[in-house]
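Hi everyone, thanks for coming. Please have a look at the model on the screen, and then I'll walk you through a few spots in it.

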Amino acid sequence: YLSTGRPGGGSPPHDHTTWAIIAGIEGEEENRLYDRRDDGSAPGRAVVRERARFVVRSGTAIAFMPSDVHSIHVIGEVPTRNFHMYGKSIEHLPERVMFDQSSGTTHRYPASRGIRR
């Protein structure tokens with residue numbers, strides 16, 4: 001997928017439930033990486049803590065395993081254009097989870113949010 005973002009835009013912390021690779025084309029996309037601190041035993045609840053940051057820009061890439069949690073933040077003044085690759089199409093990833101750090105809750109991440117054909 002070609003993923004685009006406006007300066008100041010981004011996504012909440014989320015997983016992908018499959019492998020993922022983000023390769024930079026234009027602009028700067030800061031990826032914040034998180035560790036899940038709970039054991040996953042309480043449905044709808046989770047504790048994630050930021051552990052690192054990595055900026056994807058032209059010539060760089062980052063890879064994720066299915067349970068890795070990250071958020072995206074478009075930094076700088078230039079909109080981003082990046083190549084996002086997944087083990088399955090976004091439409092076939094209905095179990096993705098987004099994490100709300102302030103409330104300690106989880107929600108399903110809509111599979112088709114923001115996809116344009």
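Let me start with a term: a polar contact is a pair of N or O atoms within 3.5 Å, where within protein one must be able to donate a hydrogen and the other to accept it, and residues adjacent in sequence count only if both atoms are side-chain atoms. What we have here is a predicted model, where local features need pLDDT of at least 70 and side-chain atom pairs count only at pLDDT 80 or more, while totals for chains, interfaces and linings use all residues. Residues are numbered from 1 along each chain as its sequence is written, and side-chain values use heavy atoms, with hydrogens and water left out.

Now to E29. This residue sits in strand 4, residues 28-36; helices (H or I, at least four residues) and strands (E, at least two) are DSSP runs, numbered from the N terminus. Which side chains make polar contacts with E29? N31 does, at 3.3 Å, and so does N82, at 3.0 Å.

Is E29 buried or exposed? It counts as buried because its relative accessibility is 2%; the cut-offs are under 20% relative accessible area for buried and over 50% for exposed, with partly exposed in between (1.4 Å probe, protein chains only). Even so, E29 has no salt bridge, and R81, the nearest side chain of opposite charge, is 11 Å away. A salt bridge needs a side-chain nitrogen of Lys or Arg within 4 Å of a carboxyl oxygen of Asp or Glu; for charge, Lys and Arg count as positive and Asp and Glu as negative, with His and the chain ends not counted.

On to the nonpolar cores, meaning sets of buried Ala, Val, Leu, Ile, Met, Phe, Trp, Tyr and Cys residues joined through side-chain atoms within 4.5 Å. The largest has ten residues, among them I22, L33, F64 and Y86. Strand 3 (20-26) and strand 6 (61-64) each give two or more residues to that core. A separate second core has six residues, including Y34, A46, V69 and V97.

Strand 9 pairs with strand 10 (residues 105-108) in the antiparallel sense over four bridges; pairing requires at least two bridges found by DSSP. Across that pair, M98 stands opposite H107. The two strands form a hairpin with four residues between them, and G104 in the turn has a positive phi of about 70°.
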